[in-house]
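Subject: Structure handover

Dear colleague,

Here is the structure I said I would pass on. My notes on the ligand site and the pockets follow below it.

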Amino acid sequence: MRAQPTASHFINGKYVEDTEGREIECIYPATGEVVAKLHSATPAIIEQALESARAGQKIWAAMTGTERGRVLRKAALIIEERNHELSVLETLDTGKPLSETLYVDATSGREALEYFGGLAGSLTGEHIQLGQDWVYTVREPLGVCVGIGAWNYPTQIACWKGAPALACGNAMIFKPSETTPICALKVAEILHEAGLPAGVYNVVQGYGDVGAALVGDARVDKVSLTGSVPTGRKVYAAAAEGMKHVTMELGGKSPMIVFDDADIEDAVSGAILGNFYSSGQVCSNGTRVFVQKGIKKAFLKRLKERTEQAVMGDPMDEATNFGPMVSANQMNIVLGYIDKGVEEGAKLISGGKMAKRDGFFVEPTIFADVTDEMTIAREEIFGPVLSVLDFETEEDVIARANDTEFGLAAGVFTNDLTRAHRVAAAFEAGTCYINTYNLAPVEAPFGGSKASGVGRENSKEAINHYSQVKSIYVAMGPVEAPF
Ligand code: NDP
C-alpha cells in the first residue's frame, strides 16, 4: 500500500501496533483506493500513551527552554529537508493537490516548530516589588496535553498543537481524525529523530471514542480540539468535568464583504482563496460573500470566469490546483447542500455537480441571489460552495454579517481606509482580514469567538494556553497576625 506507515501508533519514542483495535482504512480521495490500513487504539494502547506521556513530560520539563527549543528547531529543519516526501503523504491522506501541499502543509508545520522553538528559551515569569516584600511568578507547563485533529490539515494541526505545547514543557498525545491518520505519525517520528525524549509526543489512532477516553482521563491536564461545533460542545463539557484547560478551534460561516470601491480582481482573488482552496475544506472560509449592488454584475462575471479556470485532476500532477473532497461522506454532504441551495431558490452560476471521474470530486460551485435565511447561508458546508448575497448599506451588511452563532473569521474589501477599519472593528470574529483573506501566519493569533471557539493558536497568545502562572509571595520582614 502506497502510504502504509510502520505501525498505527507512535508511543514512548517508537511505533506500536495492536491489531485488536478496530480497523481504520485510509482512502486516497482522488481514486477511492485504500492506501493504508491502521488500527484504532485499544484501552491497552491508550494506557501506554498516558503513562509514557506522564513519564516523558517530567524529563522534558526538567530541561531548559533553550534545550527544548533546540529540539523543535532541529525538527523544523528535518521537515524542510523532507518537504517533498511529507507533501506526497499529505496529498495521499487528504487528496489536496501537490501544488498546495508542497507549499502549505509541511511548511506551516515547520514554521510552527521554528517559531515556538525560538520562543521556548524566552518564557519567563515576572518580579513584582511590594515595598520590601515581593512576589515572583513562574510560568509552568500544564502537564499532559491531548490534541484532537480534524481531517483537513493533518500535518499542520499536529504541529500547531504540538509546537507550543512542547515549547512550554508539556507532553502531548495527539489523536488525528481517522479519515487522515498518517501525517501526524511522521511528525512524531521527526520530533524524536531531532532528539525529543521518548514519551513527549505520542500519536494514537482512533474514532471519537478514543478521543473521548483521552479527554475523560484524570491524568490529562489540557485538551485542544480542532473540529466541528457539535464535537466541540461535547469535548468542552467532558473537559469541564475534570476542570481541564481547553483550546477549541471550531467551525465557521464567515462573512466576506465587498464594497463598490474595492479592487475587483483582489476581491475575486479573496473569494477564491476563501472558498475553493483545499476544495473549500477550510474552517475560516468566507462562504457568505456580501457584494454591494453597484459592483455585483462585474464581480460575478470575473468570479465565474476565473473559477471556471480551476484545473481539477490528478492531485499528484502539479498542474492540478483543485482536488477532491476528503471522503465519499463529505462529498455527499456537500452535494446535499447544493441541492438545498437550488431547492430554496438560490441561482446557480457555476459548478454544482460531481465531476465525471473517479474519486470524490465536486465542482467549485457559485450561487448568487442567496438570502440570509437559506440553509446554504446559515450552515457550515465545508466544501467548495460560495454564496453571493446582495447588500446596499454598510450598517445593514454589518448587522447581517454578524447575525450567526459562529465567529471564526471575517473579511472586508474596500479602498476606503477608515471604512475598512470601522468594519473590521465591528466584526464579531476572532480573525479578520482587510483586502485579503485566509492567511494564517504563525506570528499572529488564530481562533474564533462566539460558538467558533475558545482560546487562540499560534503567536505568543498560544503560550498562555499551554502554560500556567504560579505566584510566590516572599516576605522580608516579621509576620503580623491579629492575635
Ligand atoms: P469533527 O468535529 O467531526 O471531529 C474532530 C475530531 O474530534 C476528530 O478527530 C473526531 O474523531 C474527534 N471526536 C469526535 N467525537 C469526539 C468526542 N466525543 N470526544 C473526543 N473526540 C471526538 O470534525 P471533522 O474532522 O469533520 O472536521 C471538520 C470540522 O473541523 C469543521 O467544522 C471545521 O470547521 C473544523 N475545523 C476548524 C478549524 C479551526 O481552526 N477553527 C480548522 C479545521 C477544521 P472522529 O473523526 O473519529 O469522529
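Which of the 28 residues around the ligand come nearest? They are Glu178, Ser228, Thr231, Leu250 and Glu380. Please keep in mind that this is a predicted model, and that every distance, area and volume below is computed from it.

The ligand

Glu178 places a polar side-chain atom 2.3 Å from an oxygen atom of the ligand. Glu380 also has a polar side-chain atom by a ligand oxygen, at 2.5 Å. With Leu250 the backbone is involved: one of its N or O atoms lies 2.7 Å from a nitrogen atom of the ligand. On its own the ligand would expose 900 Å², and the protein buries 86% of that area.

As for the make-up of the shell around the ligand, 13 of its residues are nonpolar, eleven are polar and four are charged. At least two shell residues come from each of α8 (208-215), β10 (222-226) and α9 (229-241). The largest share is that of α8, with three residues.

The largest pocket

The ligand takes up the space of the largest pocket. This pocket holds about 980 Å³ of space. It is lined by 40 residues, and those closest to its centre are Ala150, Trp151, Gly227, Ser228 and Thr231.

Two or more lining residues are given by each of α8, β10, α9 and α12 (328-343). Here the largest share, six residues, belongs to α9, whereas in the shell around the ligand the largest share belongs to α8. By type, the lining of the largest pocket consists of 19 nonpolar, 14 polar and seven charged residues.

The second largest pocket

What lies closest to the centre of the second largest pocket? Among the 25 residues in its lining, these are Val104, Tyr153, Gln156, Asn438 and Ala440. The space in this pocket comes to about 610 Å³. Two helices, α5 (105-119) and α6 (154-167), each supply at least two residues of its lining. The lining of the second largest pocket divides into 15 nonpolar, seven polar and three charged residues.

Best wishes

Definitions and conventions
Residues are numbered from 1 along each chain as its sequence is written. This is a predicted model: local features need pLDDT of at least 70, side-chain atom pairs count only at pLDDT 80 or more; totals for chains, interfaces and linings use all residues. Side-chain values use heavy atoms; hydrogens and water are left out. A residue is near a molecule or strand if one of its heavy atoms lies within 4 Å of it. A polar contact is a pair of N or O atoms within 3.5 Å; within protein, one must be able to donate a hydrogen and the other to accept it, and residues adjacent in sequence count only if both atoms are side-chain atoms. Accessible areas come from the Shrake-Rupley method with a 1.4 Å probe; for residues, only the protein chains shown count as cover. On a 1 Å grid over the protein atoms alone, a cavity is a set of points where a 1.4 Å probe fits but cannot get out, and a pocket is an open set with protein on both sides within 12 Å along at least five of seven lines; lining residues have an atom within 4 Å of a point. A molecule sits in a cavity or pocket if more than half of its atoms lie within 2 Å of its grid points. Helices (H or I, at least four residues) and strands (E, at least two) are DSSP runs, numbered from the N terminus. Ala, Val, Leu, Ile, Met, Phe, Trp, Tyr, Cys and Pro count as nonpolar, Asp, Glu, Lys and Arg as charged, and the others, Gly among them, as polar. Grid points are joined across faces, edges and corners, and a volume is the space filled by probe spheres set on the points.
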